[in-house]
Amino acid sequence: MKSVLLLFLFLFSFGAPKPAIVSSKPKNIILLIGDGMGLAQISAGYYANDQKINLEKFPVTGLVMTHSSSHLITDSAAGATAYACGCKTYNGAIGMNAKKKRCLTLLEAAEQHGLATGMVVTCSVTHATPAAFIAHVESRSASEDIARFFLETDIDLLIGGGLKFFNDRKTDTRNLYHELTQKGYSVSSFTEKKLPELTFLPTQPLVWFGAQEEPTTVAEGRDWLPFAAEMAPVFLRQRSAKGFFMMLEGSQIDWACHANEGPRAVQEVLDFNSAIGKILEFAQADGETLVIVTADHETGGLALEQGASPDSLDLAFNTKEHTAVFVPVFAYGPGSEMFSGIMDNTSIYEKMRVLLGF
Ligand code: MG
Ligand code: ZN
C-alpha cells in the first residue's frame, strides 16, 4: 500500500506542470513589430517577393491573441502596451493599465538595469506603438504630451518621425529638440542630413527625425528603415556592456491596410522584411541576441484570392479596421524556444522580462 502511494506521488510530481526550461538567456533583445501584419500580409509579401521572406529563417513560431481589456479588437496603443508592460489595457492607453495607472515598460526596466535602449519606427516617434514603450498618458492622441516622456528617459537611440511635436509645440513653449541637445544627444533631422550621412559616435546618444510628422510611404521614397535596422544594434551594443533592448516597428503596414491598398501593403511588408534581414544578420553574427518578430493585431481582414492569371494574387480586404485574428510570432536566438505555441500578447512581455532577468 505504501509503495502504491509512493508510485502515485512519483507519477503526480512528474505530471504536474513545470516552468519552461530555458536553455540559454540572451544578452540583447530586439522586438520587431509589424503594425497590422497578420498571416495574410506576410503571405502576400512572400508571394510578391518571388516566394521568399526572411521570416522563413526563424526556427520558432507561435500564435498571439491580441484582444485588449476593453475590446475584442485591439488598437495599436493597447496592443503595444501589452508588449511593453505585460498588461491588458483599454484601447487608446499608452503605458497605462486598465485602471489608468502608469505601468513600468520593458524599455524603462532595461534602462534601470543598465542596458542600452533604442527605438526605430516608420511613424512619428509619438505614435501609439513607440509611445507605449516610453510614455504614460491616458490617450494616444496627446502627441505633444507623449513627446515630453522622451526627455524623462535615457533612451540611447531614437529614429522616426514627429519632429514638430518636439520643436514646434502648441501646448507649451518648450523646445524639446534643444533640450535633447542640452542633455547630450546628437540630434538631427531629415532637413539637415540623411540617416546614412550621420556619424554614429558610441559616446553620444542619438536622435534622428525622418519627418516633420509622419514619414512618407516606401512608394513616396522612404528608404531608411533597412539602414536603421543595420546600424541600430551595432550602435546599441557599443552603448552598454550589459546588453540592450530595442524595438523596431514597420509602422505603415497598418496604414496601407486601413486604406485597403494591397500593393502598398506589400511594399511596406517587404521594407519591414528587409529590416528583419539586417537584424537577423546581426543576431547570427552576435550569438547573444534574441530576435522576436510579431504584430500588435491584423488590419483589413486581408484575404489572398486568385488573381486574373494562374500565378497572380488578388488582395481582398474585408474591413478598413483592425481584426481579432491571432497574429504570428517568430523567434530566433537564445530563449527563442519560449515563443512556440499559442500565447497572449501579455505573455510575450512576460517571456522577455524573464529572459532579461528582470
Ligand atoms: Mg504602430
Ligand atoms: Zn491601425
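**Notebook: zinc site, cysteines and a few residues**

I looked at the zinc ion (ligand 2) first: its four donor atoms make angles of 58 to 153°, and the site is irregular. I call four donors tetrahedral if all angles lie between 85 and 135 degrees; four are square planar and six octahedral if opposite donors are over 155 degrees apart and all others between 65 and 115; anything else is irregular. Donors are N, O and S atoms within 2.8 Å of the metal (3.2 Å for Na, K and Ca), and water is not among the atoms, so sites may look incomplete.

I note that this is a predicted model: local features need pLDDT of at least 70, side-chain atom pairs count only at pLDDT 80 or more, and totals for chains, interfaces and linings use all residues. Residues are numbered from 1 along each chain as its sequence is written, chains are lettered from A and ligands numbered from 1 in the order in which they are written, and side-chain values use heavy atoms, with hydrogens and water left out.

**Zinc donors**

I listed the atoms that coordinate the zinc ion (ligand 2): Asp-254 (OD), Asp-254 (OD), His-258 (NE2) and His-322 (NE2), at 2.0 to 2.3 Å. Their spacing along the chain reads D-x3-H-x63-H. Asp-254 and His-258 are about one helical turn apart, because four residues separate them in helix α10. Helices (H or I, at least four residues) and strands (E, at least two) are DSSP runs, numbered from the N terminus.

I then checked burial. Buried means under 20% relative accessible area, exposed over 50%, partly exposed in between (1.4 Å probe, protein chains only). Asp-254 is buried at 5%. His-258 is partly exposed at 24%.

**Cysteines**

I searched for disulfides, pairs of cysteine sulfur atoms within 2.5 Å. The count is one disulfide. It joins Cys-85 to Cys-103, S to S 2.3 Å. Cys-85 sits in helix α3 and Cys-103 in the loop between α3 and α4, 18 residues apart. Both Cys-85 and Cys-103 are buried. Cys-87 is in no disulfide; the nearest cysteine sulfur, in Cys-103, is 4.0 Å away. For Cys-123 the closest cysteine sulfur is in Cys-257, and 15 Å is too far for a bond.

**Other residues**

I found Thr-117 in strand β3 (residues 116–124). Thr-117 is buried, at 0%.

I also checked phi. Most residues other than glycine have a negative phi. Lys-100 has a positive phi near 60° and lies in the loop between α3 (76–85) and α4 (106–112). Asn-260 has a positive phi near 55° and is partly exposed at 27%.
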